[in-house]
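The stops below are given in the order in which to select them.

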Amino acid sequence: MPSTSSSRLMKRGALVVLEGVDRSGKSTQCKMLKDTLNNQGHSVELFRFPERSTAIGKVIADYLAKKCELDDHAVHLLFSANRWELMPDLKKHIENGTTVIVDRYAYSGAAFTAAKPGFSLDWCKQADVGLPRPDLVLFLTLTPEQAARRGGFGDERYEQTDFQKRVAANYSKLSGEDNWKMIDADKDIDTLHTELTQLITSTIAATKSSGLGTLWTPASDCSGSPVKEKTRLGQEEALV
Ligand code: NYM
Ligand code: MG
């Protein structure tokens, strides 16, 4: 029998994304998931977008806090750039066998900007084409009215019921991809947590020997199979 340590080295972590309208409970669940999965012996890292600590993230934070105005196209690209700048780090974790749970991803980018007048979902997706494709997208569903009842929205840009309704409509257009699971978030925190934990542990088990796909490229959209890329030597290589 070959030693298990060498095969363990080959196993990657899963990429799991939590999405949903504001106040759907994503951030609370992400923190709980990390603790529970760690306690079960899984290595887990959390990422969140926007990641406000970087230079790009600070501009985004000022924009969301309405401390500055930016062209809608420009801020859309900044949200995307904020994801791309974190990708080398995120990919390294996955290659090393750590499961990465992400609080919002490119789906937020597309759904929020496309809620603005004059923006198509298709245009909004382009800047994120080629990012790692999540193995699982857990979409927490909550009507904008239910979300508003959860203590109300804050003062950030976009935190208005009408805008959130357009965001929800955009999410529903994105939800046909086969890596999405729609989860009713209008239930108590612990029940929701148990449901999400089970889905993630199955995904970790199912994906550890397969390659990571790329987002919104034709081959990975429908089949979920990893996209192959030609290397400089002309060999095909799965993107990790
Ligand atoms: N948001 C988030 C976008 O408009 N585009 C994006 O690409 C991302 C990742 O930022 N209202 C919006 C959605 C939220 C806001 O996110 C801040 P959070 O999760 O509340 O910090
Ligand atoms: Mg928020």
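In which hand does H3 pass H4? Select both helices in this predicted model and look at the crossing: it is left-handed. The axes of H3 and H4 (residues 72–95) lie 9 Å apart, at an angle of about 140 degrees. Angles over 145 degrees would count as roughly antiparallel, so H3 is oblique to H4.

Next, show the side chains between the two helices. On the H3 side, select Ile56, Gly57, Val59, Ile60, Tyr63 and Leu64. They meet a set of H4 residues, among them Val75, Leu78, Phe79 and Ala81. Asp72, Asn82 and Glu85 also belong to the H4 side of this contact.

Now turn to the salt bridges, of which the model has nine. Three follow.

Start with arginine 12 and aspartate 135, whose side chains meet in a salt bridge with an N to O distance of 2.9 Å. Arginine 12 sits in the loop between helix H1 (4–10) and strand S1 (15–20), and aspartate 135 in the loop between helix H6 (121–126) and strand S4 (136–141), so the pair ties together parts 123 residues apart in sequence. Arginine 12 and aspartate 135 are both buried.

Move to glutamate 156 and arginine 52. Their closest N and O atoms are 2.8 Å apart, in a salt bridge. The glutamate is in the loop between helix H7 (144–149) and helix H8 (161–174), the arginine in the loop between strand S2 (44–48) and helix H3 (55–64); the pair therefore ties together parts 104 residues apart in sequence. Glutamate 156 is partly exposed, at 25% relative accessible area, and arginine 52 is partly exposed at 35%.

Because arginine 133 lies in the loop between H6 and S4 and aspartate 178 in the loop between H8 and strand S5 (180–184), the pair ties together parts 45 residues apart in sequence. Arginine 133 is buried, with a relative accessible area of 5%, whereas aspartate 178 is partly exposed at 43%.

Finally, colour the chain by pLDDT. The average is 88, and 87% of the residues score at least 70. Select residues 1–8: pLDDT stays under 50 there, and the model has zero contacts beyond four places in sequence for them. Then select residues 221–240, where pLDDT also stays under 50. For that stretch the model has 38 contacts beyond four places in sequence. Where pLDDT is low, predicted coordinates should not be read in detail.

Methods
Residues are numbered from 1 along each chain as its sequence is written. Chains are lettered from A and ligands numbered from 1 in the order in which they are written. This is a predicted model: local features need pLDDT of at least 70, side-chain atom pairs count only at pLDDT 80 or more; totals for chains, interfaces and linings use all residues. Side-chain values use heavy atoms; hydrogens and water are left out. A salt bridge is a side-chain nitrogen of Lys or Arg within 4 Å of a carboxyl oxygen of Asp or Glu. Helices (H or I, at least four residues) and strands (E, at least two) are DSSP runs, numbered from the N terminus. Buried means under 20% relative accessible area, exposed over 50%, partly exposed in between (1.4 Å probe, protein chains only). pLDDT is the predictor's confidence in each residue, from 0 to 100. Contact means heavy atoms within 4.5 Å. Axes are lines fitted to C-alpha atoms, for helices over the stretch in contact, and angles run from 0 to 180 degrees between N-to-C directions. Angles under 35 degrees count as roughly parallel, over 145 as roughly antiparallel, 65 to 115 as roughly perpendicular and the rest as oblique. A crossing is left-handed if the near helix is turned anticlockwise from the far one by less than a right angle, and right-handed if clockwise.
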